[in-house]
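Please read these notes with the model open beside you.

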Amino acid sequence: MTDILQLHPRTQLQCSLKGIYLKLNLHQIAAPSELFMYANYISSVDGRIALRDAESGEYMVPDSIANKRDWRLYQELAAQADVMITSARYFRQLAIGKAQDLLPVGTAPEYTDLTEWRAQQGLNPQPDVVIISNSLELPARALAQLHDRRVIVCTSEQADDKKVNQLKASGLTVLIAGHQQVEGKQLKQQLIEFGYRSAYMIAGPAVHHTLISEQVLDHLFLTTRLNLLAGDAFHTILNGNMSATELELLSLYLDTDISSQQLFAQYRLKR
Ligand SMILES: NC(=O)c1ccc[n+]([C@@H]2O[C@H](COP(=O)([O-])OP(=O)(O)OC[C@H]3O[C@@H](n4cnc5c(N)ncnc54)[C@H](OP(=O)(O)O)[C@@H]3O)[C@@H](O)[C@H]2O)c1
């Protein structure tokens, strides 16, 4: 089905959803001894990426923006990653059954092409995982679900030594990459030393700020679901303070699927 309209660059090209991000070969972009880092969000037009659930008090991606077509692209981006960067919050939600999904690449039949693609590209079946945390409040039962890949916990010099030792004893790698909190440049350097060439950041606004404020994020993928959510308790894609960062639009698609009209944008962060 050709229900995707390419708006930029202006080719007037109609195409199908499958493959529009996979064709980017993000795992091959980094120069030798470099790392290509990219982030991805889905947002409403009024900028909400998560709303607070009145019952649980947890911030969640609302069903009114999440959809399977965007999830396909999320999976395509994951397929191109050597490592995925996430937050401790994700694992806390996973432990109580509130996380969106176990980290991709998905094992459902509709994603078989992506697991096969990874094998053809010589990539591990699943990207490794880096968890950013100062508190090191990481439930063991959630971490245990990622037994099939390397899991690295990245923290700062403020971390509790006892918790660091416990995590190491359970087989995890623990990195110190910052003084008060994890710092973007130190994180990037340590990931390069591990030999990673592509890193996909899927955490929320604080980790995003950590990467952008230190100019280590390369591309931002942003899906804008064409709806308005309102609500006063919400997250947007970025928090904290920093000087303005200019973006260059690399590509823009309109998903004309009637059930989930949305825009898929890819930006380069200017340095
Ligand atoms: N719609 C979307 O596309 C999308 C995408 C991502 C997330 N979300 C939603 O956004 C909400 C917030 O996500 P999130 O909690 O993952 O976001 P976050 O604000 O990026 O991460 C929060 C946690 O990450 C750790 N952290 C962040 N920066 C750090 C640093 N520089 N150094 C050390 N630790 C750091 C801290 O963990 P500790 O407390 O353990 O120290 C902090 O509590 C969630 O509801 C999530 O579902 C939506």
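1. Two strands pair if DSSP finds at least two bridges between them. Strands (E, at least two residues) and helices (H or I, at least four) are DSSP runs, numbered from the N terminus. By that rule, strand 7 and strand 8 (residues 151–155) run parallel and are joined by 4 bridges. Within this pairing, Cys-154 of strand 8 is the bridge partner of Ile-132.

2. A word on the source: this is a predicted model, in which local features need pLDDT of at least 70 and side-chain atom pairs count only at pLDDT 80 or more, while totals for chains, interfaces and linings use all residues. Residues are numbered from 1 along each chain as its sequence is written, and side-chain values use heavy atoms, with hydrogens and water left out.

3. The sheet is open and has 11 strands, in the order 2-1-13-14-11-3-10-6-7-8-9, with mixed pairing. Its edge strands, strand 2 (14–15) and strand 9 (173–176), each pair on one side only. An antiparallel example is strand 1 (residues 4–8) with strand 13 (residues 247–255), over 4 bridges. Leu-5 has Leu-254 of strand 13 as its bridge partner.

4. Strand 7 also runs parallel to strand 6 (residues 83–87), with 5 bridges between them. Here Ile-85 is bridged to Val-130. How many of the residues of strand 7 are buried? The count is 5 of 5 for residues 128–132, where buried means under 20% relative accessible area, exposed over 50% and partly exposed in between (1.4 Å probe, protein chains only). In a regular strand the side chains alternate between the two faces of the sheet. In strand 7, Asp-128, Val-130 and Ile-132 point one way, and Val-129 and Ile-131 point the other way.

5. The structure holds 8 aromatic pairs. Rings of Phe, Tyr and Trp (its six-membered ring) pair if their centres lie within 6.5 Å; planes under 30 degrees apart count as stacked, over 60 as edge-to-face and the rest as tilted. Phe-36 and Tyr-38 form a tilted pair, at 5.8 Å centre to centre and 35° between the planes. Tyr-38 and Tyr-200 form a stacked pair, at 5.1 Å and 15°. Tyr-38 lies in strand 3 (residues 36–44) and Tyr-200 in strand 10 (residues 198–201), so this pair ties together parts 162 residues apart in sequence. Both Tyr-38 and Tyr-200 are buried. Ring pairs link Tyr-21, Phe-36, Tyr-38, Trp-71, Tyr-74, Tyr-200 and Phe-221 into a cluster.

6. On a 1 Å grid over the protein atoms alone, a cavity is a set of points where a 1.4 Å probe fits but cannot get out, and a pocket is an open set with protein on both sides within 12 Å along at least five of seven lines; lining residues have an atom within 4 Å of a point. A volume is the space filled by probe spheres set on the points, which are joined across faces, edges and corners. The largest pocket holds about 1,200 Å³ of space. Its lining has 47 residues, with Ser-87, Arg-89, Ile-202, Ala-203 and Gly-204 nearest the centre.

7. The search finds 1 cavity of 30 Å³ or more. About 50 Å³ of space lies in the largest cavity. Among its lining residues are Ile-212, Leu-217, Thr-245 and Arg-271.
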